[in-house]
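Please open the model in the viewer and keep the selection panel at hand.

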Amino acid sequence: MAEFRVRRFDGKKSYWQTFNVPAKKGMTVLEGLYYIKENLDSSLAFRASCRMGICGSCAMRINGKPRLACETQILFLGDRITVEPLDNFTVIKDLVTDFEGFFAKHKAIKPYLIREDVKYDEPRELLQTPKELNEYYIFTLCIKCGACYSVCPAAATLDGYLGPAAMTAAYRFCADSRDKGKKERYEIVSSSNGVWRCHLAMECSEVCPKNVEPAKAVQLLRRRTAFSILKSLLGW
C-alpha cells in the first residue's frame, strides 16, 4: 500500500489530501492517480493522454521533482508519494495547469522551417546529410511537457521570459541546414525576454525526461546570436 499525498486546488484555495493506493510492481504514479479517481475520489483532476512518455501531458511534481507520471513507478519512490502541479504555471484545478502561455512562447519563436522557395503545388524533398541532421537531432526529442520551464528561475521571476523549451526549439530550427529563418529567430531570442536572461542554473537539463539538454541549446543559441550581432555591427 502506498500513501499518495496530493496537493489539490478547488479554484479558490489549495489544500493537501491523502489517499491509500494498493501498489504493485510495475504500477506507475499515473495508474495510482487513476485508481484514486476511479475508486476513492472522482473529483480529482489531472491531465494524461498517451501513457507512454510521448505526449508530455502527465508532467507533474512528484516527490519534489518534475517527472512524467506515466513513466514513474511507485515502488521506486517508496511507500509515500507526494504529487503536486508543476511550478511556474497557473493551476486550473488540482494537478492541471494552464499551458496557454507556454505554447504561445513556443509559437513565438517560429518553430517550423522558413524558406522562400516552398511551393505546395510542387512539393520536393529537402535533403540533408547525417552530419547535418546530428547538429540538431537531440533537440527534436522535446515533448513540451513543461518540466524544464517549471524549474527555471528566470521563468519564475519574469512572465515574458521565453523559457528553455521555446529556446530549445529555436535552436533546433536555427541549426537545421534546410532552414532560412535564422535571422528572424535571432532577433526574437536576443530580445529582453530571450537567451540573455538565462541564469545558467542548468536545472532544465537535470529534469528533462527525454535528456534533451535545453540548457545546452540555450548556450549554443547565445553563441549564435552573439556572432550574429557582432557580424551586424562589423558589417560582415
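Which residue forms a salt bridge with Arg8? Select Asp94: this residue forms the salt bridge with Arg8, and the closest N and O atoms are 3.1 Å apart. Asp94 sits in the loop between β6 (91-93) and β7 (96-97), while Arg8 belongs to strand β1, so the pair ties together parts 86 residues apart in sequence. The model is predicted, and in it Asp94 counts as buried, at 1% relative accessibility. Arg8 is likewise buried, with a relative accessible area of 2%.

Next, select Arg7, Arg61, Glu84 and Asp87, which a network of salt bridges links.

Move on to Lys13 and Asp10, whose side chains meet in a salt bridge of 3.0 Å, N to O. Asp10 is partly exposed, its relative accessible area being 38%.

Then select Arg124 and Asp117, a salt bridge with its closest N and O atoms 2.9 Å apart. Arg124 is exposed, with a relative accessible area of 53%, whereas Asp117 counts as partly exposed at 36% relative accessibility. The count of salt bridges comes to 14.

Finally, select helix α1, residues 29-40. At 1.5 Å a residue, its 12 residues should span 16 Å, and the end C-alpha atoms, 15 Å apart, agree with this. Within α1, colour Val29, Leu30, Gly32, Leu33, Tyr34 and Ile36, which are buried.

Methods: Residues are numbered from 1 along each chain as its sequence is written. This is a predicted model: local features need pLDDT of at least 70, side-chain atom pairs count only at pLDDT 80 or more; totals for chains, interfaces and linings use all residues. Side-chain values use heavy atoms; hydrogens and water are left out. Helices (H or I, at least four residues) and strands (E, at least two) are DSSP runs, numbered from the N terminus. The expected span of a helix is 1.5 Å times one less than its number of residues. Buried means under 20% relative accessible area, exposed over 50%, partly exposed in between (1.4 Å probe, protein chains only). A salt bridge is a side-chain nitrogen of Lys or Arg within 4 Å of a carboxyl oxygen of Asp or Glu.
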